[in-house]
Amino acid sequence: MIGNDWDKLLDIVWHSEGFKKFYHIVEEEYRTKTIFPPKDHIFEALKLTSYEDTRVVIVGQDPYHGENEAHGLSFSVQKGIKIPPSLQNIYKELYDDLGIPPKSDGDLTNWAKNGVLLLNSVLTVVKDTPASHRKLGWERLTDYIIRLLNEKEEPVVFILWGNFAKEKASLITNPKHLIIESPHPSPFSARYGFFGSKPFSKTNNFLKSHGLKEIDWSL
């Protein structure tokens, strides 16, 4: 399904009766409603960032629910789409933290190709209906993915923005890893601790201290 090492790691999931029944529900949603992202982009985060290559995880909630926005990566929108306010604030913090000027688009595909797993907790959403697929069943899969990453011997940075993402901290028990928490970058909360939190430099300092390649956030 994925095309890299995630296939073997998640083989037990793909072939489980529980996932097959759940995915049948997802397919029925796609048949009867307008669902985002496009079906072939549901697992885009895993396709672009293999388990072995994952050095950073940025946990999101669910996909953007507007037309042509979501493409399977947390906080990212497709080229040609207006940059959402949360991502604008992420770019602002990136500039304040590392001096990297904002991109002209909101496509974070190159971050994903550079070892940043942009993982939403819920992988699909009904058009114009945020959180519509919460509790549908995606959380069981994505929590399992976080648990697998927690088992990695090589240190990983988990970036948890906002209360929803912070709930995933309980899954990250391996002391080799780093958890970076702050308020969500949304306009409603960014000024209460997201701005000035310096997640990008903290990530690279941690990776460098463990002899690992830093993330090129300018991509």
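Helices (H or I, at least four residues) and strands (E, at least two) are DSSP runs, numbered from the N terminus. With that rule, P37 falls in the loop between β1 (35–36) and α4 (44–48). This is a predicted model: local features need pLDDT of at least 70, side-chain atom pairs count only at pLDDT 80 or more, and totals for chains, interfaces and linings use all residues. Residues are numbered from 1 along each chain as its sequence is written, and side-chain values use heavy atoms, with hydrogens and water left out.

**The sheet**

- Four strands form an open sheet in the order β3-β2-β5-β6, with parallel pairing. Two strands pair if DSSP finds at least two bridges between them.
- β3 (116–120) and β6 (178–182) are the edge strands; each has a single partner strand, so one side of each lacks a neighbour in the sheet.
- On average, neighbouring strands of this sheet are turned by 20° against each other, direction ignored. Axes are lines fitted to C-alpha atoms, for helices over the stretch in contact, and angles run from 0 to 180 degrees between N-to-C directions.
- Five bridges link β5 (residues 157–161) and β6 in the parallel sense. F158 has I179 in β6 as its bridge partner.

**Helices on the sheet**

- Helix α7 (residues 138–150) packs on the sheet and touches β2 (56–60), β3 and β5. Contact means heavy atoms within 4.5 Å. The direction of α7 makes about 150° with that of β3.
- α9 also packs on the sheet, touching β2, β5 and β6. Its direction makes about 165° with that of β5.

**Two helices that meet**

- Two packed helices are described by the angle between their axes and the distance between the axes.
- The axes of α5 (residues 85–98) and α9 (residues 199–209) come within 7 Å and cross at roughly 55°. That makes α5 oblique to α9. Angles under 35 degrees count as roughly parallel, over 145 as roughly antiparallel, 65 to 115 as roughly perpendicular and the rest as oblique.
- From α5, I90, E93, L94, D97 and L98 meet P199, F200 and S201 of α9.
- The residues of this contact are five nonpolar, one polar and two charged. Ala, Val, Leu, Ile, Met, Phe, Trp, Tyr, Cys and Pro count as nonpolar, Asp, Glu, Lys and Arg as charged, and the others, Gly among them, as polar.

**Pockets**

- A pocket is found on a 1 Å grid over the protein atoms alone: it is an open set of points where a 1.4 Å probe fits, with protein on both sides within 12 Å along at least five of seven lines. Lining residues have an atom within 4 Å of a point.
- The largest pocket is lined by 22 residues; Q61, D62, P63, Y64 and H184 lie nearest its centre. Its lining has 10 nonpolar, 10 polar and two charged residues.
- V13, S16, G18, F19, F22, G137, R140, L141 and Y144 line the second largest pocket. α3 (17–32) and α7 each supply at least two residues of that lining.

**Backbone details**

- A cis peptide bond joins F36 and P37, with omega about -5°.
- F75 lies in the loop between β2 and α5. Phi of F75 is near 70°, a positive value in a residue other than glycine.
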